[in-house]
Amino acid sequence: MDAPRTVAAGRTASPTTARLINDRLALQLLQSEGPLTAGQLKTLTGLSRPTVADLVERLQEAGLIAVVGESGAQRRGPNARLYGIVADRAHLVGLDLRTHSVTVAVADLLGEVRAERTVPIGPDDTPDAAVAAALAGLDKALAAAGAPHPHTIAVGAPGLVDPATGRLGGTDWIPSWHVALVAELRARRAVPVLLENEVNLAAIAEQRDGAARDHDTFVLLWLGHGTGAAVVLDGTLRRGASGGTGEIGFLPVPGTAALPSASGCDGGFHSLAGSAAICALAAQHGLPAEAGADPAAAEAPSPDTDAPPAEAVVRAAVAAGDAGAVFLDALAARIALGVAAVCAVLDPGCVVLGGEIGSGGGEELAGRVAGHLARLSPLRTDVRAGALGGRAVLRGAVLAARDAAQNELFGAAGPGVSSRP
């Protein structure tokens with residue numbers, strides 16, 4: 001038998017806790033590496049053959065793993081069987097709430113999306129109508145995925161999420177149907193409903209699957225309809241005392257006509273780098289932008305995707321080469337003001353330009369921001385383009401739901417993630 005595993009200095013795990021730790025370790029390896037044989041699990045975990053055989057039997061009886069094939073070994077036998085996580089053991093739901101739409105993704109226990117649906121919300125829809133449409137879209141996505149009973153739901157929404165209560169609030173501009181939908185989900189479904197700020201979820205996605213995979217400390221600067229930031233320090237997402245970490249739209253910066261106020265960020269960084277401001281800047285530079293020449297048009301996004309018109313402006317400027325260079329440089333100078341302020345306080349070492357505009361500008365925009373930042377700050381900072389764009393919020397919601405579900409199903413003991421995203 002293996003020696004009991006230590007869980008802290010001077011403490012030894014009980015046999016039950018040691019089994020939970022071993023089971024969790026094996027499951028995490030099966031998730032990260034894919035199907036493995038018992039022999040491979042023995043090598044990767046360092047556990048003895050009898051201990052691996054016991055945990056494999058336990059996990060099969062719990063319905064968490066199953067034989068999914070055989071390895072390429074010439075000799076057939078128990079060690080040649082490939083074990084994998086039973087992905088259909090639980091289904092997860094991620095929701096991305098926007099001003100004019102909600103996108104639903106239904107995934108399996110491994111985080112693989114089985115169905116996705118976007119529901120447009122009209123500007124004149126009542127809160128009740130918006131909630132009904134969103135719930136109908138959720139039901140259709142669940143049906144398409146063959147998942148009538150989701151295990152966990154994670155919702156990404158703009159605004160402040162109170163760390164103490166888990167409730168959405170703190171700002172007056174949040175669509176009322178967002179709050180009503182979250183309340184209805186919690187009342188209607190006898191499953192955990194996790195609520196998280198959208199930019200925080202985008203940061204989770206960029207760290208797991210995107211541009212920040214090699215960084216434990218970084219800041220995601222969200223550039224979409226509005227502006228926001230998510231702060232990850234030493235691998236931990238920081239939310240702040242009231243959930244307001246990263247409300248960079250309210251940051252006072254040079255170049256604005258006024259100062260921000262407690263009730264609006266019109267005079268803050270948002271007024272330089274929000275979608276409407278980018279469209280206005282493009283018009284000043286004479287760029288042809290069908291939806292972006294009029295700043296007011298930036299507040300009327302496509303009902304299908306909610307993608308800001310500024311995304312098309314920035315992509316067109318990048319594609320235009322020299323013709324769009326002056327505009328991109330002016331935009332980069334604005335973005336660098338916010339990045340410099342963040343770096344002066346946090347020194348993250350890496351800033352990811354996320355959202356539709358960050359990914360639309362790509363490395364061209366990121367490089368220009370880095371150049372301006374180098375003139376503003378003595379701190380060495382890697383500026384990168386987000387890899388996931390606007391879809392980062394939905395992906396982050398799925399990952400948060402997956403983490404919470406696995407934390408419960410795989411056992412709370414041992415190394416793992418918090419049940420809260």
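**Cysteines and salt bridges in the predicted model**

The sulfur of cysteine 343 has its closest cysteine sulfur in cysteine 350, 9.6 Å away, which is too far for a bond. For a disulfide, two cysteine sulfur atoms would have to lie within 2.5 Å, and a search of the whole structure turns up zero of them. Both cysteines are tucked away: cysteine 343 is buried at a relative accessible area of 0%, and cysteine 350 is buried at 0% too (buried is under 20%, exposed over 50%, partly exposed in between; 1.4 Å probe, protein chains only).

This is a predicted model, so local features need pLDDT of at least 70 and side-chain atom pairs count only at pLDDT 80 or more, while totals for chains, interfaces and linings use all residues. Residues are numbered from 1 along each chain as its sequence is written, and side-chain values use heavy atoms, with hydrogens and water left out.

Salt bridges (a side-chain nitrogen of Lys or Arg within 4 Å of a carboxyl oxygen of Asp or Glu) number 15 across the whole structure. One of them pairs arginine 395 with aspartate 209 at 2.8 Å, N to O. Arginine 395 sits in helix 12 (residues 392–409) and aspartate 209 in helix 6 (residues 198–209), so this pair ties together parts 186 residues apart in sequence. Helices here are DSSP runs (H or I, at least four residues), numbered from the N terminus.

Arginine 368, partly exposed at 23%, meets aspartate 329 in a salt bridge at 3.6 Å, N to O. Arginine 368 also forms a salt bridge with glutamate 364, with the closest N and O atoms 3.0 Å apart; these two are four residues apart in helix 11, about one helical turn.
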